[in-house]
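Trainee: I am new to this structure and would like to be guided through it. May we begin once it is displayed?

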Amino acid sequence: MMTSRIHPLLILFTVLVYIFLMGPLIIVLGASVSDTTYLTFPPQGLTLRWFENIFAISAFKRTIITSLELAFLATGLALLIGIPAAYAINRYRIKLPTWLSTVFVLPILVPEIVLGFSLLKSVAVGMDTPIFLTLLVGHMLLVLPYCVRVVSASLASFDFSIEEAAVSLGSPPVKTFFTIVLPNVRSGVIAAFILAFITSINDVSTSLFLTGPGVSTLPIQILAHVEQFFDPTIASVSVLLMLLTVAVMAIVERTLGLTFLAK
Amino acid sequence: MLKRFAGWWLAGPATLAVLVFLVLPVAATIATTFGEDGGIFAPYIAFFNSGFRRTVLWRTIEISLATTAISLVVGFLTAYVVSKSPGKLKSLLIIAAVFPLLTGVVVRSFAWLIILGKNGILNNFLVGIGAISEPLSMLYTQGSVIVAMVYLFVPLMILTLVGVLENIPDDVVQASSSLGATPAATFRQVILPLAVPGLIVGAVLVFTGSFTAYATPQLLGGERQMVMGTLMYQRAMVSFDWVGASTIAAIMVVITVAVVLAMSRVARRLNPMAT
């Protein structure tokens, strides 16, 4: 490979861009451990009391649990209906109309905030569903396109003749799917899970209209809290959210990867 | 029978979910804006007759265009350097771009509140070095919203464009330089045109994302820099003007769909690899 030289100014620019990208996150991290009642950086003193404070505020404790429940359930449901859809789109391509795969592009064309508002009108108010259920529907729709598209992309490179070979050798179709097809698209499923989970846990625009008395999500609670209190608790809860993101990536990669390999 | 329709059985639940919980409700939202007294387009006429709402729409377009333009330039130059970096450094740089992308919008916007606030880090620093005598009010300006939005979208742009730049065949670049083109000419005449489809995809993502954003303009722009997203929330949840909010929703959908369709046509036409 030929390596063309890069102009030193361009390298300097890139360094500045990365400082710009990382700086604000480091500042949040610093502000979260500062032993002051106001947000500051660099931190003055070192304390973890703002992290303790998160759990002293019941609204945070509640919304953390709601957000986790929502993310797991919405991602699980989206994978449950999304994987078969992705399979069908690739396996039965000739028999299914072309508009079918376009259906899963539609959620991308509809702004999230419009989806949230429309669900509020048609489902939450129109059908009088409980708040959590409406949120679950919204989050599931939010992450479904990721699930279908990412799994579909990894199925696209799967050789379906392997599956046919198994079936013709007498393996029942459902068993074949779980023992032959699914392990082969493992990485796609893991990637879809991570993307969907993180999208759900960080979502503001769709949840905005769907939260209600007593039931809210963590990002919406943070937004509400910032407007009243400007203390380091917000920084520490932000750090918690960052850690969660990192943890999900690491845990899913490891556990799911290993158990799938063991099979 | 079951076998013949196997594809439909498998794709059915997901398709139905999208149709019932996305297409229908959104269509219903748009439909309510046409059933009003005073003519079929009454809510739209009301929207465009209001100087305030016109200002909001225009401001949203301005912020989105500025965010898109800055993100394109910054993202492209950075992606170029990343794509040329040696293996290990490259993966590190990619991870460093993925991490902010996976951190939520609220957290990333909140960070800019700490930086740009009246007693924020930037003001303290500038006063500290004596560049200014008293703190500037940087929050709740169009600039603060744009800075935070650029921060939001640059990682997305970098990742989109690194993928595109890596797909440019080495032979093409080598052919250009062996035929005597200077590195700058190769960059301008070979690499840039080949990256155009990627630049368009990135631009569409950033523009539609900023046009419909809520959290960032809410935190950094507040009431003073109202945009379509925050105006829609205010109409729906503060004024309970659901027709007004639905009208804003419809305008957002139309602009998003129009931008996506128009740009995908442009991308197809400008793709130099397509014949």
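Trainee: Which residues make the nonpolar surface patch of about 580 Å²?

Mentor: This is a predicted model, in which local features need pLDDT of at least 70, side-chain atom pairs count only at pLDDT 80 or more, and totals for chains, interfaces and linings use all residues. Residues are numbered from 1 along each chain as written, chains are lettered from A and ligands numbered from 1 in written order, and side-chain values use heavy atoms, without hydrogens and water. A patch joins nonpolar side chains (Val, Leu, Ile, Met, Phe, Trp, Tyr) within 5 Å, using residues with over 30% relative accessible area and no salt bridge; areas come from the Shrake-Rupley method with a 1.4 Å probe, and for residues only the protein chains shown count as cover. The residues asked for are Leu9(A), Ile11(A), Leu12(A), Val15(A), Leu16(A) and Ile19(A).

Trainee: Is Val15(A) buried, partly exposed or exposed?

Mentor: Val15(A) belongs to helix α1 (residues 8-32) of chain A, a helix being a DSSP run of H or I with at least four residues, numbered from the N terminus. Buried means under 20% relative accessible area and exposed over 50%, with partly exposed in between (1.4 Å probe, protein chains only). Because its relative accessible area is 44%, Val15(A) is partly exposed.

Trainee: Where is Gln221(A), and which residues does Gln221(A) touch?

Mentor: Gln221(A) sits in helix α11 (residues 218-228) of chain A. With a relative accessible area of 18%, Gln221(A) is buried. Counting contact as heavy atoms within 4.5 Å, and leaving out residues up to four places away in sequence, its partners are Ala59(A), Phe60(A), Thr63(A) and Ser216(A).

Trainee: What is the N to O distance in the salt bridge of Asp35(A) and Arg49(A)?

Mentor: A salt bridge is a side-chain nitrogen of Lys or Arg within 4 Å of a carboxyl oxygen of Asp or Glu. The side chains of Asp35(A) and Arg49(A) form such a bridge, at 2.8 Å.

Trainee: How many residues apart are Arg91(A) and Glu164(A)?

Mentor: The side chains of Arg91(A) and Glu164(A) form a salt bridge with an N to O distance of 4.0 Å. Arg91(A) lies in helix α3 (residues 58-91) and Glu164(A) in helix α8 (residues 160-168), both of chain A, and the separation is 73 residues.

Trainee: Is Lys90(B) buried or exposed?

Mentor: Lys90(B) forms a salt bridge with Glu166(B), the closest N and O atoms being 2.5 Å apart. Since the relative accessible area of Lys90(B) is 19%, this residue is buried.

Note on methods
Helices (H or I, at least four residues) and strands (E, at least two) are DSSP runs, numbered from the N terminus. Patches are made of residues with over 30% relative accessible area and no salt bridge: like charges are joined within 9 Å, nonpolar side chains (Val, Leu, Ile, Met, Phe, Trp, Tyr) within 5 Å.
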